[in-house]
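Please look over the pocket and the salt bridges of the model shown here.

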Amino acid sequence: MTSPKQPQPSISALGLDFGRKRIGVAGCDGTGLIATGLTTIERTSFARDVEQIRNLVDERQVQVLVMGLPYSMDGTVGFQARQVQKFAKKLAKALELPVEYVDERLTSFQAEQLLIAENRSPSRHKGLIDRKAASIILQQWLDTRRANLSKSVLA
């Protein structure tokens, strides 16, 4: 006898690929199945970054921020990862939302490869790369979350 499948709780999350010049932003449908690139924020100031992200948070009723964390290739937290954590902590406080991290090593490379497969030039589509990287980050988080929820239902 099989038990009925538990419905997955709905989730609204924003995936963020943080960079010095741009922030790639992705969102997910309420079911938490598919991440989609939404926009790329051209960075000007922290206050302006927060304002633009807050608009998306309000519009999409976001419950959690998912930040790509660029670990060093040896798995340590280097300078860039510390910069991301510093920004994420300030952002989470400003928006009063929890932040979770996803290992984002190679996501920009994966995003570039997707563009090349679409016969698009990575050098001419930096914002699109950031958006695709954010959707890869968010998709990893969604997949992990779904797998963990399934395990807890089976336990």
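The following paragraphs take the pocket, then the salt bridges. The model is a predicted one.

The largest pocket has a volume of about 350 Å³. Its lining consists of 15 residues, and those closest to the centre are Gly19, Arg20, Arg22, Ser108 and Asp130. Strand β1 (13-18) and the helices α3 (107-117) and α4 (126-154) are the elements that each contribute two or more residues to this lining. Sorted by class, the lining holds eight charged, four nonpolar and three polar residues.

Two of the residues closest to the pocket centre, Arg22 and Asp130, also pair with each other: arginine 22 and aspartate 130 form a salt bridge, with 2.5 Å between the closest N and O atoms. The pair joins distant parts of the chain, since arginine 22 sits in strand β2 (residues 22-28) and aspartate 130 in helix α4, 108 residues apart. Arginine 22 has a relative accessible area of 19%, and because buried means under 20%, it counts as buried. Aspartate 130 is buried too, at 10%.

In total there are four salt bridges. One of them is between arginine 43 and aspartate 49, at 2.8 Å from N to O. Arginine 43 is partly exposed, with a relative accessible area of 24%, whereas aspartate 49 is buried at 0%.

Another salt bridge connects glutamate 51 with arginine 48, at 3.1 Å from N to O. Both residues belong to helix α1 (residues 46-60) and are three residues apart, about one turn of the helix. Glutamate 51 is partly exposed at 43% relative accessibility, and arginine 48 is partly exposed at 36%.

Note on methods:
Residues numbered from 1 in each chain as written. Predicted model: local features only at pLDDT ≥ 70, side-chain atom pairs only at ≥ 80, totals over all residues. Heavy atoms only, no water. 1 Å grid on protein atoms, 1.4 Å probe; cavity = no way out; pocket = protein on both sides within 12 Å on 5 of 7 lines; lining within 4 Å. Points joined across faces, edges and corners; volume = space filled by probe spheres on them. Helix = DSSP H or I, 4+ residues; strand = E, 2+ residues; numbered from the N terminus. Nonpolar A, V, L, I, M, F, W, Y, C, P; charged D, E, K, R; others polar. Salt bridge = Lys/Arg side-chain N within 4 Å of Asp/Glu carboxyl O. Buried < 20%, exposed > 50% of the residue type's maximum accessible area, 1.4 Å probe, protein only.
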